Amino acid sequence: MIPTTRHPPTLQSASTDSSSDPNIPPQVFSTGYSTHPTLSTALLEATESALKSHPSPQNIDLAIIHASSLYEEPSKIIPTILQAIQQAGGNVKHIVGNTAGGVIGARYTDACYPVEAEAVPALSVTLASLPDVRVRTFYWNDVPEFDGGMTRGMDPESWKRFMGMAGGSGEEEEEDPVFMIIPSPAFQNDLDDLLRGLQYAFPNGQTFGGIASTVSSLSRARIFAYSAVDGSSAPAVYGNGCVGVAFSGDIRVDTMIAQGAKPVGGVYRVVAAGASTPNSVADEGSRSTISAIVLDEAATALEEETNEEEEEDELESLDEKALKRAKMAQDYAKARIPKPPLAEANFLMRRLSDDDQAFMRRALLIGLERGNLNRTPNELARLAKGEGHRFTVRQVASAGMKDGSVTFPLGSVNVEVGARCRFFVRDGDFAKKEVEALWTGYKKKELERTVMGGGEVNPPTGCFVYPTLDRGSKLFGKTGFESSVVSEFLPGISCISGFFANGVLGQLDGTIAGNIPSSNENMLHGSSSQYVIFRSKSKRPIYSPLQASIDAANAAAAKAAKEAAELELAAENEKRSRMSKNFAPENEAAPRSSDGELIVRRREIHSGRSLSVSTVEWSVAEKMARPTSALEGYMWEKETQVDRQRERISLALLMSQCKAAMADPTKPKPRDWVGPVKQAGADGKFVIIPECKRIDPSAGSLRKRYDIQKIVKQLILSGAPAISVNSDSVLFGGSLDDITKAREASNAAAVEKSLESGDGAVSPPILASDLLLYPYQLYKLRMAGADAVNLVVGALENKDLLYLTKIASTISLQVLAVCSSEKQISMVTKLGSGSISALVISNRELETFDFDSTGKQALSLLKSEALAAFREKHGSDVPVIVEGRVGIIEDNGSSSGYIKALKQAGAFGAIVGGGVATINDDEVAESITNWMAV
Ligand SMILES: O=C(O)c1ccccc1NCC(=O)[C@H](O)[C@H](O)COP(=O)(O)O
């Protein structure tokens, strides 16, 4: 039966520590399990599942396999795992494992969901990548007898040598390694010596592990090991001995053990202790028999007091409480006389519940008090505070029927006269509370470490759980209890695995209760559960499969969005470049008048249609007519576009909306565009007016992402006194909305600037750059929030130029006249003084709509007689600004060189589009400053 377990209610954020260097590889524990009845299929399923939540299968330092003893042919386990990992492109350095009577494994989906599979075919595979950790695997057999030290020549160095852990050949010897031990059941006789020897050789080291087990016959128990390091690469399966793993370096392990035993009766003192047999060496080191105990009244009273406080509410009346106290006093009166422990046990047993009595008849458990304890006498309260256990519980091996003495297994304990002790019974309900109290205490200690350490303790990366075979459903009445507690207390963890063992190994309180190291010896614990929590010592990033899958999904979505945007942009570019190419027929020069000016015709003349005709007639007419230049084609497209807009909102309605907006104080008002520009150039600076445009018909898209608000903000914070925004959608990919957004961004940037400087800051005004042929367009731009517009003079007749400037003035839009020839400058000169706010000299070649990439067009126009005449009529107060490749065209090897030449030729400033769009974001401010300072 595969049990269902409680699922974690919440998921802690065990994400990769973003503050750490992403180049540092994380510590990873991943796990998978299978309950398939066929060994090879189960191994493949479990490995595949473990690999799914592992980011780097190429770097697996250790694989740990626990497989049910019900599977035949355990010798196939290591070769199958090796093959499965290699097939997935991975590599594993060490493998250890064992057979078991029950297996704990987990699958990771959005969290780690553990299962405990008891006495059924099941196996778990755990894969660990441990950067900066030295991992070594061992097989030990025939362990030297531990005699307490030097007497037989086994000093710490000798033990290290025996264990294969001695330094040498230049290797540094580790002082605090962590040992994982998986002995076979046949190794039990050597185990005590090995555990003591390990602790003797490495007093600061730690040990954890469990004895291999089986579902039924112990003779089927196997342990196995493989190492691709140090040349010993043959997989080995053993029926005896012990496999081990030593970890040292960037790894930290917390261990704790739940004893599952409830104290019963009072607290006693040992008054007589001795050797287990009369003939054994009765020195201090071999006393394993308790001959007499006496009630420790003070300790018992304190214990009862604490317990009473907790039980107070459970007892209904004062009478009940008084009765209980009286009965206890009566019981304990007899215990004040020293007695053999068996006699006291018999007496106590009669006062216990039926279940506890039944247990005590089967097994006698005695807990010996550990030294230097804190004062919390109640066992569960101690554990919940993280103070560790008060008593180390041991099962009595034999009892003297004549003298009532009790004896522990030989060599397992050294009973001191005067030591405190208690009787214990196993109890499922208490065991549950103990597990929860232990984990509560652990979390409390972890919190304390965080606070004391002044920072977060590194999150755990994996947890191993080793209950003994008599726990699980037998003790708790249901399967999966312990592993589900782990997942509740460590909700972000990516690996929970383990097996049901024949006994667990290590220190009772591991690193948890560091206050009692003297009695925290390495020992074998029966009927217990061990929890082993891994983490890195350093601030190594923690791999979280959940975070990794979220990151991967986000990255895939971002990549898809980027690709789609790039495709869209490429299509746009292609469309626009095709459009402008189509406008300008190849190999055919555009018609020009005698003064060299392009002859452009308005579309209606050639289509022969009136504005009210149907769309069918429109398209027929447009196809028949072919533009003779890029500008002409562009104009026709623009006319068509405006006609369509007019069909949605008539000119009359638009005008009245515009009038209403002008009267509405809540609506944006036109700002002086040229004022701040002139102000910026007042001290002789060359004024740079950055231009935002999505696409340029001759240069293509200028930016990967066109976030107009972000761009405007950046330009303003870089010192731009005014901004030009291209709103044309035919060739430049712009929109009216870009004007509105740019205005908002300009206001926001001004507020930010003024907050920073403490001075009031003017929000830089917006010039709408577009091909304007009709007053209709002016109204639209005004409504969108434009402060000024440019008129491409080459596209306009004298009367249109006059008309448009007049309409612009009625709605307070300033006008910039864009000229790319002397003739066009002369047209502007004819306008009344004050009709335009600035003259723009352009490098644009209107026939092809390309730029003069030499920049000579603008330089020569600046020096032209037409410009001199313009200045004479309109005065030097009207700034002359250049546009087209400024910031890109170089003179004397630099963009500043060309700008200097423009300045020397009399230009006041320049509108710069591509020049600012194609440099790195962090260089924009510097470039603008440099150009302004030429
Ligand atoms: O010049 C035009 O005919 C024109 C028509 C419609 C919209 C804008 C127009 N002029 C501005 C530009 O062509 C450029 O965007 C501007 O000169 C900036 O050029 P650059 O610095 O080379 O990106």
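Guide: A crossover is right-handed if, with the strands pointing away from the viewer, the path from the first strand over the helix to the second runs clockwise. This is a predicted model, in which local features need pLDDT of at least 70 and side-chain atom pairs count only at pLDDT 80 or more, while totals for chains, interfaces and linings use all residues. Residues are numbered from 1 along each chain as its sequence is written, and side-chain values use heavy atoms, with hydrogens and water left out.

Visitor: Which elements make the right-handed β-α-β unit?

Guide: Strand β29, helix α20 (residues 736-757) and strand β30 make that unit. Helices (H or I, at least four residues) and strands (E, at least two) are DSSP runs, numbered from the N terminus.

Visitor: What makes β29 and β30 a pair?

Guide: Two strands pair if DSSP finds at least two bridges between them. Four bridges join β29 to β30 (residues 766-769), and the two run parallel; therefore they meet the definition of a pair. In β30, S769 is the bridge partner of N726. Strand β26 (residues 687-692) is joined to β29 by two bridges, also in parallel, and C692 stands opposite V725.

Visitor: Which way do the residues of β29 point?

Guide: I723 and V725 point one way, S724 and N726 the other way. In a regular strand the side chains alternate between the two faces of the sheet.

Visitor: Why is S494 called buried?

Guide: Buried means under 20% relative accessible area, exposed over 50%, and partly exposed in between (1.4 Å probe, protein chains only). S494 has 5% relative accessibility, so this residue counts as buried. S494 belongs to the loop between α12 (481-489) and β22 (496-499).

Visitor: Which atoms of K693 and G914 lie 2.7 Å from the ligand?

Guide: In K693, an N or O atom of the side chain is 2.7 Å from a ligand oxygen. In G914, a backbone N or O atom lies 2.7 Å from an oxygen atom of the ligand.

Conventions:
A polar contact is a pair of N or O atoms within 3.5 Å; within protein, one must be able to donate a hydrogen and the other to accept it, and residues adjacent in sequence count only if both atoms are side-chain atoms.
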